[in-house]
Amino acid sequence: MLKNVGEVSEFQPVPIPITSEHFDMLADSGTAMFPPEIIFTPEELQRIDTAQSQLPEEKVLIGDAGEPNLLHVRRIVVDLAGELPRRVNSPHSDAILAILDDESRRDFFRRLLGTEKHLRRCQINRMTQGSFIGRHVDRDSNPDYDVAVVIQLGKSFSGGEFVVHPTESEPTVFRPEYGTVLVSRCEVPHEVLTVTSDERTSLVFFLSDHAGKNRRVLP
């Protein structure tokens, strides 16, 4: 993810497993879902959840790609048109990014995506009953986004399915649960259906080959 040139790790972490099924899912539907406790341990998820609960929150009705939304967002890294990505809300965001950007996760995404990526945007999406995220394409908010990663932190909710709409196949519906991780290609349209009960909280971050300023052109 975030490249540290010349960094030498003092230990070699056990590689996070990736199956041929995950590669096939990513190629076929544009999205792969990893089960709980594969990419993040329960202890890491708890640390993320504790830190994110301290972040300030804003209500969002229009998404970064212009889609209709109804949810609450807590910012960790912002990525605005014409600007470099910028970390906000330290020190709680620092604690979260230290987990997302450790050597085991960098190695995982290198093997899954074929190259090292840069983390460009990161946020918490908190969705209560009636919340939804409208159909959109992530590259409309940054043309250089390659994949979105969605870590599910909600422990008890219904609805809130993640639906991808590949151009050459039928929609695929994913039903995330606590600890699952979705990896979704940013050129594929997708949406989150209405949450029908309880609270669906997720951590979302975007990876890209491009480390410079956001090249989105605003109208």
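Trainee: What are the ground rules on numbering, confidence and atoms?
Mentor: Residues are numbered from 1 along each chain as its sequence is written, and side-chain values use heavy atoms, with hydrogens and water left out. The model is predicted: local features need pLDDT of at least 70, side-chain atom pairs count only at pLDDT 80 or more, and totals for chains, interfaces and linings use all residues.

Trainee: How many helices and strands are in the protein chain?
Mentor: Both are DSSP runs numbered from the N terminus: helices are H or I with at least four residues, strands are E with at least two. By that rule the protein chain has four helices and 13 strands.

Trainee: What radius of gyration does the protein chain have?
Mentor: The value is taken over C-alpha atoms, and the globule rule is 2.2 Å times the number of residues to the power 0.38. For 219 residues, a compact globule would come near 17 Å. The C-alpha trace spans about 45 × 40 × 35 Å along its principal axes.

Trainee: What percentage of the 219 residues count as buried?
Mentor: Buried means under 20% relative accessible area, exposed over 50%, and partly exposed in between, with a 1.4 Å probe and protein chains only. Of the 219 residues, the buried share is 50%.

Trainee: How many residues of helix α4 are buried?
Mentor: Helix α4 covers residues 103-113. Its buried residues include Arg 105, Arg 106 and Asp 107, along with Phe 108 and Phe 109.

Trainee: How many residues are in the largest nonpolar core?
Mentor: A nonpolar core is a set of buried Ala, Val, Leu, Ile, Met, Phe, Trp, Tyr and Cys residues joined through side-chain atoms within 4.5 Å. Among the members that touch the most others are Phe 40, Cys 122 and Phe 205. A second, separate core has 18 residues, including Phe 174. The largest core has 33.

Trainee: Which residues are closest to the centre of the largest pocket?
Mentor: On a 1 Å grid over the protein atoms alone, a pocket is an open set of points where a 1.4 Å probe fits, with protein on both sides within 12 Å along at least five of seven lines; lining residues have an atom within 4 Å of a point. The largest pocket has a volume of about 340 Å³, the space filled by probe spheres set on the points, which are joined across faces, edges and corners. Of its 26 lining residues, the closest to the centre are Gln 123, Asn 125, Ile 133, His 136 and Phe 206.

Trainee: Which peptide bond is cis, with omega near 5 degrees?
Mentor: Most residues other than glycine have a negative phi, and most peptide bonds are trans. Look at the loop between β4 and α3, where Asn 89 sits with a positive phi near 60 degrees. Pro 91 lies in that loop. The cis bond runs from Ser 90 to Pro 91.

Trainee: Is Glu 37 buried or exposed?
Mentor: Glu 37 lies in the loop between β1 and α2. Its phi is positive, about 65 degrees, although it is not a glycine. At 57% relative accessibility, Glu 37 counts as exposed.
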